[in-house]
Amino acid sequence: MCVSAPLKGRVSCNYVNLPQINGDRLKTAKISVDKAIKEKKVFSIQGPYPVIRAGLRARGWVERRIPRPSLPQPRRHGEFETEATDEPDSSDGDGEEGERDDDADDDTYNLMSRLVRNETTYLYWTTKRDSIDCQSLRKDQMTNHYAKAGSFTTKVGLCMSLRNLQWFDTTDPDTFFPRCYRLGAEDEKHAFIEDFRRTACTSLLLYVVERYGGDLEWLRTGEMLNAKASGVSKPRKHTNQKVGTWLIDNALHVCQDYLNSLEHCDIDVNLEAVHTLSEDQWKVFLQNYYLVIHEGVKIEGCEGYVERCKSMLVQMRHVCPQLETDGLCNIWIIKPGAKSRGRGIMCMKKLDEILSLVHGDHAIMKDSKWVVQKYLERPLLVHGTKFDVRQWFLVTDWNPLTVWFYRECYLRFSSQPYSTHTLDSSVHLCNNSIQKHFQPSPDRDPSLPKECMWSCSQFRSWLAASGRGCLWDEVVVPGMQEAVIQTLLTAQDSVEPRKASFELYGADFMLGRDLRPWLLEVNASPTMAPSTAVTARLCPAVQEDTLRVVLDRRCDPNADTGGFQLIYKQAPVVVPQYMGMNLLVEGTSIRRPRAAICKPLTLRSHPEPLSKSISHNRSTLPTSHGSTGKENQSEVLIRRPTISSRKATFEQSFYPHRKRPLRLVLPSTCCVFPNPAEVHPQKLTHTHVQPDHFHRSRSTLPSLYRPSPSLDVTHIRPGKANAPSRHKHDIHTVSISYPVLRMQKYLARNQRRGTDAFKKIEGSKSS
């Protein structure tokens, strides 16, 4: 018996502190859980959404908690954060760190969550659409995302989707969406280069009119631009450099050529007469354009071109809806195709810099994830500061398309005064995730909020103070609603129209000086963090009203929808069920009619051994002189080739309009045996036939269309009338046509001649 040694040291014991469960609380929890399971009110939330969680619990829903993912490993010193360019969601994320789950430690809700841990979830609310597989959900399970919605919630998707608007509506997308190109696509890159050069020409003409033409009310409406906002740099000191008027002439010719191409007036013009610039001339033109616009170099004698520039700009305005917002500096904004929160966005105003960025990054050329978009250089400013508008809308069905528009929105201001002299992101990007890192400039108007946000009511008050309060309901709101509807129509065929799904989107707009809204992008999973006083009031209201539209209206169609109003409901479209068939035209080839089949000719042959059949004795020849034609019927001994199982057939081509010689068709493994008389004429001397009697006509000569039969004739002998033969009933059938019959007659005729000659010789000997 072994005794273990005693343990040394203190023995520690761990005790599990179980919570004291109140009987009444447990009973209440079970009743609530049983009712929720019966009514299919079990939900799961991924991410911090306290407003959604509280709203669902108030409606009798019970949460089935999702295990929280493990915390990411902290980055080491010197490591950089990697960002995927194909991020599916484009949430702006304005302060997600402000959202916290306040009731995570509530024992009652934890107990109820444990009771439904094995039950089916009927509502999924997640941050990203890829968290839930929509294909595996049942029809009664709801989720707050649609599959394949990236066709309009990413920069690349929105750029490509709006190009198909012409198939859905007559509205031109250039009237509400700044023109956009994919840098990775070769054809779109060339289109962007042409657009950049053409915009430089119109900007130069606009510079001449603004600098030397005075009033611009003939071209646009809205407040006048000052020198600072227009972006024209002041002349450099101590410089006498000037540019000739040839620069304006080239710009006028380029604009005129563009107008002619749109009106198809350049078809009847010779290519030599068309004024086009070569690549070297374009480089010189752009270099001088940069000197005039960015360096302040003057154009000598440009006063005489003011009227011509005005006339050309009026014509270009009819075909270029964005001419009023293009400005003078020709600034373009480069955006990552699927990133959010303003990451990776850059503003550039020189063509070489933009192209070098494309050529330097192979991922851009390979995946086409980046887009270049015309920057709105002349937006509406509030106290000299740029802003954009965040507008929510809700989609509850894609077939028929059902869109809900929220009545309230908010404005996001830049922390720095607006200017085109600098391309810093603190001036041109109004996203709160970027502006929160900057302090407001002391040069900014003090009436602007420090949190850089306004509600729409505050903006309407500012418009009313300037005498334009009515334009909000007449221009801004209808323009935003129309842009949202047209964007969704172009993406309707791409998104999977799941009936039990819904999704809340956030659209970003900029307003022109005429208060016309311009759509910048559409964000999926917009942030609902109370980052400022404005969002702390609006974001909870939007979430609560979303539950009213999605849940309350399912039980009561007349339920209150809060701030959401139905702006569009499409007529139901019957979509045929896809059966998996390919839309291909099938057919069969035309076959030629078959030729007439020749009837087989029966020949009697003696399949005796070849050694016996080849006999040179004269005794085998007939001695009777009284045999008739019927008695002298010839019998042909035939040596079959190795392919005796196959038949040699002669078929005639079907050409009724003309006659063609017969054609012999043999199997691929068969060959035509030559005529023994042609190859070895000396072997036929055993028949004692004189050469003079062996005459061959031209028709009997072997040729391509009259070949010799593939039968080797070894011996010919006349048959006896009364001669018994044990092979009399052995019949072999060979398919043979007219040439073979002629050969048979020829052989029989030579046989009779040979017999007659032999009789003469024997008669002369006997005499």
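**Where does D388 lie?**

**View 1. D388 sits in strand β11.** This is a predicted model, in which local features need pLDDT of at least 70, side-chain atom pairs count only at pLDDT 80 or more, and totals for chains, interfaces and linings use all residues. Residues are numbered from 1 along each chain as its sequence is written, and side-chain values use heavy atoms, with hydrogens and water left out. Strands are DSSP runs of E with at least two residues, helices are DSSP runs of H or I with at least four, and both are numbered from the N terminus. With a relative accessible area of 7%, D388 is buried; that word means under 20% relative accessible area, while exposed means over 50% and partly exposed lies in between (1.4 Å probe, protein chains only). Leaving aside residues up to four places away in sequence, D388 touches Y410, L411, R412, C430, F509 and M510. Here a contact means heavy atoms within 4.5 Å.

**View 2. The whole chain gives the setting for the close-ups.** The protein chain holds 21 helices and 22 strands. Of its 767 residues, 42% count as buried. Among contacts in the protein chain with a separation of 6 or more, 76% are between residues 24 or more positions apart.

**View 3. Y406 is found in strand β12.** Y406 has a relative accessible area of 3% and is buried. Not counting residues up to four places away in sequence, Y406 touches Q391, W392, A541, V542, D545, G563 and F564. Y406 and T546 are 140 residues apart in sequence, and their C-alpha atoms are 9.8 Å apart in space.

**View 4. W282 and F285 form an aromatic pair.** A search of the whole structure finds 20 aromatic pairs. Rings of Phe, Tyr and Trp (its six-membered ring) pair if their centres lie within 6.5 Å; planes under 30 degrees apart count as stacked, over 60 as edge-to-face and the rest as tilted. W282 and F285 are edge-to-face, at 5.5 Å centre to centre and with 90 degrees between the planes. Both lie in helix α9 (residues 279–293), 3 residues apart, about one turn of the helix. Both W282 and F285 are buried.

**View 5. F393 and Y505 are a stacked pair.** Their rings are 5.3 Å apart centre to centre, with 25 degrees between the planes. F393 belongs to strand β11 (residues 387–398) and Y505 to strand β14 (residues 503–511), so this pair ties together parts that are 112 residues apart in sequence. F393 counts as buried at 2% relative accessibility, and Y505 counts as buried at 0%.

**View 6. Helix α16 (residues 456–465) has buried residues C456, F459, W462 and L463.** They cover an arc of only 115 degrees around the axis, which puts them on the same side of α16; the arc is that of the directions from the helix axis to the C-beta atoms. What covers these buried residues includes β11, β12 (401–413), β13 (453–455), α17 (471–491) and β14. F459 and W462 also belong to a cluster linked by ring pairs, together with F387, F413, W454 and W472. After α16 comes G467, whose phi is positive, near 80 degrees.

**View 7. Two charged side chains sit over rings.** The charged end of R57 is over the ring of Y109, 3.7 Å from its centre. K350 lies over the face of Y290, at 5.4 Å from the ring centre. A charge sits over a ring if NZ of Lys or CZ of Arg is within 6 Å of the ring centre and within 35 degrees of the ring normal.

**View 8. Strand β1 (residues 42–45) has buried residues pointing both ways.** V42 and S44 point one way, F43 and I45 the other. In a regular strand the side chains alternate between the two faces of the sheet. β1 runs parallel to strand β2 (residues 62–63), joined by 2 bridges, and V42 stands opposite V62 in β2. Two strands pair if DSSP finds at least two bridges between them. The open sheet has 4 strands in the order β2-β1-β3-β4, with parallel pairing. β2 and β4 (142–143) stand at the edges with a single partner strand each, so one side of each is left without a neighbour in the sheet.
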